[in-house]
Amino acid sequence: TSKRPGPLAISSSYSFFSYLVRPRHKEEVVLWMNTVGPYHNRQETYKYFSLPFCAGNKKTISHYHETLGEALQGVELEFSGLDIKFKDEVLQTTYCEIDLDKAKRDAFVYAIKNHYWYQMYIDDLPIWGIVGEADENGEDHYLWTYKKLEIGFNGNRIVDVNLTSEGKVRLVPNTRIAMSYSVKWKKSDVKFEDRFDKYLDPSFFQHRIHWFSIFNSFMMVIFLVGLVSMILMRTLRKDYARYSKEEEMDDMDRDLGDEYGWKQVHGDVFRPSSHPLIFSSLIGSGCQIFSVSFIVIIVAMVEDLYTERGSMLSTAIFVYAATSPVNGYFGGSLYAKQGGRRWIKQMFIGAFLIPAMVCGTAFFINFIAMYYHASRAIPFGTMVAVCCICFFVILPLNLVGTILGRNLSGQPNFPCRVNAVPRPIPEKKWFMEPAVIVCLGGILPFGSIFIEMYFIFTSFWAYKIYYVYGFMMLVLVILCIVTVCVTIVCTYFLLNAEDYRWQWTSFLSAASTAVYVYMYSFYYYFFKTKMYGLFQTSFYFGYMAVFSTALGIMCGAVGYMGTSAFVRKIYTNVKID
């Protein structure tokens, strides 16, 4: 009886050294044991030897985390102790024996009942195997004891690895179970640079539904841009004509005339927003998240980041730290325009807003991971490294950006003067209230991305490698255009109702997309996955909250920036007394 796991992918890599050093005949090939855990809970992983497996008697090799991303993602490579040499075939050989007492049997039975499977690496190629299986009645449990490795090589490169699990042995207390392995080498035509292609799933990611959703979103963009252009150009032309007509009236006619519309709030529209310190910090952080998303997607399109363990996370951390001046520039300049004086406090809040949110969530989940003894528990040294990046890289770069922003574009050069006394906001219909506009503003942006959300969620929470970053870039562009169009229309209606509180409204109406994404994550959890347990559930909802909040801040900043340009434009083109 044999069971071969399919080419499902969790993470994979080929290290920098594999480009420099090619294995020679009979040179050692290391089989690393990574983690073991329940199939349905992808993030709930433990060290391979936390189950009572035995190791081969070859001398131990220690492994260190090659990158920060690898450490944060809970990669725990341990040497298997198996003696494998390049192109050297090994017939079935026993490498160790397990003395199966009651405690060890219970551990294996628990693992089999929960569908535990393990991951290994040979030359940075991932391999998966299952721990064992139960009979149909669920009374007897069996352990797979024979690892049959088939390794493909092209020249002096390992390009393919397959594992077949055999040797089904019933778990009976107080017995000895012999663990064995064999290695077979075969020539392969697969090129070294194409060796990860077998882990990709084109039938899933390039399905017609994916193409249709992109086309659908693209048509929505064309429709929205056309609608916004038509409505605003026609309406604004009428508004300008009416206002220029009013200019020609004498004072008596103007006083008797029925003045209304967005021109009436020209003395208040550029009034600083409430809580300018928090607002400018959010805008700066949103601009930085957009920059990070844009750059990381471009890097992922150019480089195959999925081929290296933790490389996507490492790239995102590096790019986030490097783009800190963007945060400081936009946050600092906006705060200066709004007349803020506590700019150092604003800089600190802007710099640490996102890191504090991410680290706070990670810290909470880390406690649960430590309680579970999971491999996802972040080592203390890694925590210190992340804190050092925050204080010694992100903060100084943010300071540079803030100083540049305040000095280069911190002057409040608004097209209209701000009145000393705020104008009272008139009564308006319920659907024109900012709260209603905020709730409705996120529906269309969410509609343009929710199919892509399914593919992204599946690649992160299930066993797929996301590699279609061209799709992701298109969706990001579509999301930004839809968000800007929606917030401009919302702001126009708000100003037309003579309500000048457009800054927070434009930000929150765009940011409300995040609420719909988080609501979708609940649907995905209950209907698309079979996750269970405190650790996996807290991990899922904790990091989905972080993802949704970051997406909301980014959408809010994009919406505000687009709306701000629109507001400046319309008030520049109208004559003000």
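Modeller: Here is a walk through the salt bridges, pair by pair. This is a predicted model: local features need pLDDT of at least 70, side-chain atom pairs count only at pLDDT 80 or more, and totals for chains, interfaces and linings use all residues. Residues are numbered from 1 along each chain as its sequence is written, and side-chain values use heavy atoms, leaving out hydrogens and water.

A salt bridge is a side-chain nitrogen of Lys or Arg within 4 Å of a carboxyl oxygen of Asp or Glu. The whole structure holds 18 of them.

Start with Glu97 and Arg176. Their side chains form a salt bridge, 2.6 Å from N to O. Glu97 is in strand 4 (residues 90-100) and Arg176 is in strand 10 (residues 175-187), so this pair links distant parts of the chain, 79 residues apart. Strands are DSSP runs of E, at least two residues, numbered from the N terminus.

How open are these two? Buried means under 20% relative accessible area, exposed over 50%, and partly exposed in between (1.4 Å probe, protein chains only). Glu97 is partly exposed because its relative accessibility is 41%. Arg176 reaches 55%, so Arg176 counts as exposed.

Next, Lys168 bridges to Glu133, with the closest N and O atoms 3.1 Å apart. Lys168 belongs to strand 9 (residues 157-170) and Glu133 to strand 7 (residues 132-134), so the bridge ties together parts 35 residues apart in sequence. Lys168 is partly exposed at 35%, whereas Glu133 is buried at 19%.

Strand 9 also holds Glu166. Glu166 meets Lys148 in a salt bridge of 3.7 Å, N to O.

Finally, Glu70, Asp124 and Arg309 are joined in a salt-bridge network.

Key:
Helix = DSSP H or I, 4+ residues; strand = E, 2+ residues; numbered from the N terminus.
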